[in-house]
Amino acid sequence: MSQVEALKRYHVTYGSRKRVFLCSASDVEPEIKSQFGIKKFRLQVFDKDFDDWVDIDGDIEEEQMEDKAVKLNVIGERDEVACLSASSFTSSSSSDDTIILAGNERDVPCTSDVSDSFHEEEKFLPWPNKFELHQDDVRRDILVELLKGGPVSNRIKSAVIQATFDKMCLFTVYPTTDQYNTAAKAVIKSFPNLAIKLPFCEPYDALKNALKDKFRNERRHMTRDVVVKKRKTSTHATTDEGERKEGADWTLPEGETEETIKLHIKELQKESTKKKQDKNKIKSLMALTFGERRRLVLEEKPPIAEIRGKFPTLFCAEQIIEDFSAIISWDAVSEMFYKNLDDIAAKIITYNTNHSKGTLRFLVEYNNFIQQLTEKDKRDATWTAALWILPGFLKEDRNFLFINSDDDVSSDVEINTPVITYTGDPLDPSNITIIAENEKCSTAASFPEAVLILLATYYVFNIQYNGKVKGTLTFLQNVLLQCKDKGKLPQKIISLIAKLQA
């Protein structure tokens, strides 16, 4: 051992307490005693050769600390486990942005793998061919409760999410959609009583979404070094009045640089001017430049007209929905929207409530209109009618969602928040267009498709819901898209959902 011991950065979790501190190998035990007030405890080191935890007798030897990331279990008087991720650290890597605690420690949020926070050359382990959450990955007291079967408490769920998060962080802190799905399925396979069955959802969907929230929240507390060069930190807008809705984190795709992204954008602009466009090429380049669009929208907040100038190929139904799917990390958005709409449309139409005279006249027209239609056309008409009368259930004005261009819109009217414009009769509309900030965002073949694009437009351009129809949009977001915001739903929406499900 050299005369001057190398300093290591340790991330420590002991029960619900989390700390980060800096010390040498010989000072690990004194630091644990000092930070957590533990007098008697034992340490275990994870042995990669045996794929198991091994007790450490006496002091931690330097040979055991050669790896850039070393995991230790600290089992104290309260029989709680603390997980330490140690990474090599040099004094030249410190900055005002990094969290280096030595003698003046403070609580910090947990991030299991922090080695990438300081050195670009440090790598995560490759994602395994078969991701599994073993019983050994879960705390002993939590495992006992899980194995009892039956319903599980929020405390148990949170502990399993933490354990899954810790294991996924060995491989990445930016999981892909497939990796989220794989991890969630693996957890449900190991612990079936964590499955939640909801209409049109997989049993693992709730857990997958909880993992996404966990990663998103933990990444917010990482140091700036975590995202240097390959990753960029996200600025999350609130949903307060006047501000735009929150978007997703962004990152440069593997192998891409800022310069290559600029070249891709130029190629998209060039392709948009062609009479015969290569749709496959556009789709591929739009996927590669997705992160740049999120950065542009969330950081610079330009007007939609400016976004159109940079990304002209974004302004069509297919691409807006594609970007929306990437933002919420949910595949098959359209299929889910139409399935849920089909499930609830007839209930909205037949629900007995005190409709306005205008709505009653519309329902009479609807009943007459569908008499001569095929079954498919009847279904589409029912979807349209349900969406048309829905705002009335929440005492909101549908004219802030649907505008008949023949009557209400002239060239000097500015349309800021997204709306659907059309000509003709609402049951048989023509020229359906989604407009925001007086810009044409997309056309649609039907009212149901237009409503889906409308919701996607709010997300893609990060626009706050119009307060005049906020309840209607929130209902559609939660019921048809299964997108849940933080916080409790307004009581009027909860009541309407309950009445329709009764």
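Strands β10 (residues 419-425) and β11 (residues 428-436) run antiparallel and are joined by six bridges, where strands are DSSP runs (E, at least two residues) numbered from the N terminus and two strands pair if DSSP finds at least two bridges between them. The model is predicted, so that local features need pLDDT of at least 70 and side-chain atom pairs count only at pLDDT 80 or more, while totals for chains, interfaces and linings use all residues. Residues are numbered from 1 along each chain as its sequence is written, and side-chain values use heavy atoms, with hydrogens and water left out.

**The sheet around β10 and β11**
- Within this pairing, T423 has S430 of β11 as its bridge partner.
- The open sheet holds four strands in the order β9-β10-β11-β12, with mixed pairing.
- Because β9 (402-404) and β12 (439-444) stand at the edges with a single partner strand each, one side of each is left without a neighbour in the sheet.
- On average, neighbouring strands of this sheet are turned by 35 degrees against each other, direction ignored.

**The helix across the sheet**
- Helix α14 (residues 447-460) lies across β9, β10, β11 and β12 and runs at about 5 degrees to β11, with axes fitted to C-alpha atoms, for helices over the stretch in contact, and angles running from 0 to 180 degrees between N-to-C directions.

**The whole protein**
- The protein has 16 helices and twelve strands, helices being DSSP runs (H or I) of at least four residues.
- Of its 502 residues, 49% count as buried, that is, under 20% relative accessible area (1.4 Å probe, protein chains only).
- Among contacts (heavy atoms within 4.5 Å) with a separation of 6 or more, 61% are between residues 24 or more positions apart.

Key: Buried < 20%, exposed > 50% of the residue type's maximum accessible area, 1.4 Å probe, protein only.
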